[in-house]
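Colleague: I am new to this structure and would like to learn how to read it. Could you walk me through it?

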Number of protein chains: 2
Amino acid sequence: MGGSMALAMKKCAFATKILGYDSSPENAKIALELGIVDEIISFEETTRADILILAIPVEASVEILSSITLANPNITIIDLGSTKQKVSEDCPLTIRANLVAAHPMSGTEYSGPSAALADLYEGKTVVLCDLQKSGVNQIKLTKEIFNKLNMKIVEMDSAVHDKHAGFISHLPHLMSFSIANTVLNQEDTQSILTLAAGGFKDMSRLAKSSPVMWREIFIQNRQNMLQCLSAFKSELTKFESALESSSPDELTALMENANRLYKIFK
Amino acid sequence: MGGSMALAMKKCAFATKILGYDSSPENAKIALELGIVDEIISFEETTRADILILAIPVEASVEILSSITLANPNITIIDLGSTKQKVSEDCPLTIRANLVAAHPMSGTEYSGPSAALADLYEGKTVVLCDLQKSGVNQIKLTKEIFNKLNMKIVEMDSAVHDKHAGFISHLPHLMSFSIANTVLNQEDTQSILTLAAGGFKDMSRLAKSSPVMWREIFIQNRQNMLQCLSAFKSELTKFESALESSSPDELTALMENANRLYKIFK
């Protein structure tokens, strides 16, 4: 996410100089070699910048904000994490106006600098949360960036965001990890996978995602996740009952209902 | 599936004349207009051909074979359905040698003649089941076709096929219908879908699939489906428990296990 943002901001000529920090010296080196960042700096130095973009696991964002000292008191800090309520609420009030809680609704199953894509954000939606808590200048600058990246900006309460993100992002990830585990637990995994075509590939793609990144998202959003899971399991149980009673009518009704999705969602 | 096969067989110059029958006169007309078939014939006439390809709901295949009279006693009938045990076992013995039970591991969420794609089968795997029950000439001709289409041929017992297809094709469809229903049952469906990005789009793509086609696959394969569903639900329950106890270690272990899929499956 961070590497893609750096490439995109350079491509649209918004930023002339990108300074980077990564807790992994190896990733930092790769980012420099790939030309994603112009210079590697220490974490302390990052707070001197005009804009600090946090593209790190969601618990790390919360922790960093709780102890950060801003060398530039007017800095705009944009957090790109997948959960927004905790970072928005736990950010110390002394620097809360500096923070814009953003969630670009794009990404891939890959992470690290070699996964960076200059057009990752192009045409996608970005959710900005709890803007009433952010400073006027910080909001203005953030919107300028996302407009320049040709993104559609949606404003939302962070609690509502987290609930929606649970259904359309976090639950799909959990499903994907789970179907991967289901197949891996079969005796004949290898021969099952020999036959795998588009359907399974799509459904298991997200199972490549980073456990470090996702365990923090799942835990921060656990109340919503438990509700999403319960709702999803109850839909599965409806199919199970229809299968148990071999009822073509019940199965048809469930699938016809699901088909409706594509009348309201292209 | 049938339209794509017709286009592919013409493209590779295997077939010079394609005769088509569809129980829907409207679809038959579209197939003719799109140049997928050269002529529309009655169902009775189809049995005069050299090769009859059945690309119809799986229960329809079973029913048709039980009552068909072959005008050409040497005809090769290739059934393309997603379940293979019932069609293989229920086919009358008098015509069983004419039948080759095949399952091309490709397809899209769309059906009907306007969804036909000439390269749908290119480079994909096709499973041929219970070949000991098919005639030598029928097997030879079928393999010639699939080789000409540049497909990878895998031979398999039909019961094993149905079990494997349950995990890598039928369960993913059931999951996709269920996540569509989960989101559709939320009060704020519209606003959730506004945010939907790649992950949700991939996971819900199969929810566009035809209920008529899928109810028959689910019912024919219900014993395997109930086992797949039970295995999948138990994987979801592991995530649920890890979430309930807010255990990063349990979540990490589940996701690291899922990540292994991509070491054995590219």
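**Reading the sheet and the copies**

Modeller: Gladly! In chain A, strand β6 (residues 125-129) runs parallel to β7(A), the two being joined by five bridges. Strands (E, at least two residues) and helices (H or I, at least four) are DSSP runs, numbered from the N terminus, and two strands pair if DSSP finds at least two bridges between them. This is a predicted model, in which local features need pLDDT of at least 70, side-chain atom pairs count only at pLDDT 80 or more, and totals for chains, interfaces and linings use all residues. Residues are numbered from 1 along each chain as written, chains are lettered from A and ligands numbered from 1 in written order, and side-chain values use heavy atoms, without hydrogens and water.

Colleague: Which residue stands opposite A:L128 in β7(A)?

Modeller: That is A:E155.

Colleague: What is the order of the strands in the open sheet of chain A?

Modeller: In general, strands of a sheet pair through backbone hydrogen bonds, either parallel or antiparallel. Here the five strands follow the order β3-β4-β5-β6-β7, with mixed pairing. At the edges are β3 (51-54) and β7 (152-156) of chain A, each pairing on one side only.

Colleague: Which rotation superposes chain A on chain B?

Modeller: Two copies of a chain are related by a rotation about an axis and a shift along it. Here the rotation is 180 degrees with 0.0 Å of shift along its axis (RMSD 0.0 Å), by least squares on the C-alpha atoms of residues with pLDDT of at least 70 in both copies. That is the relation of a two-fold axis.
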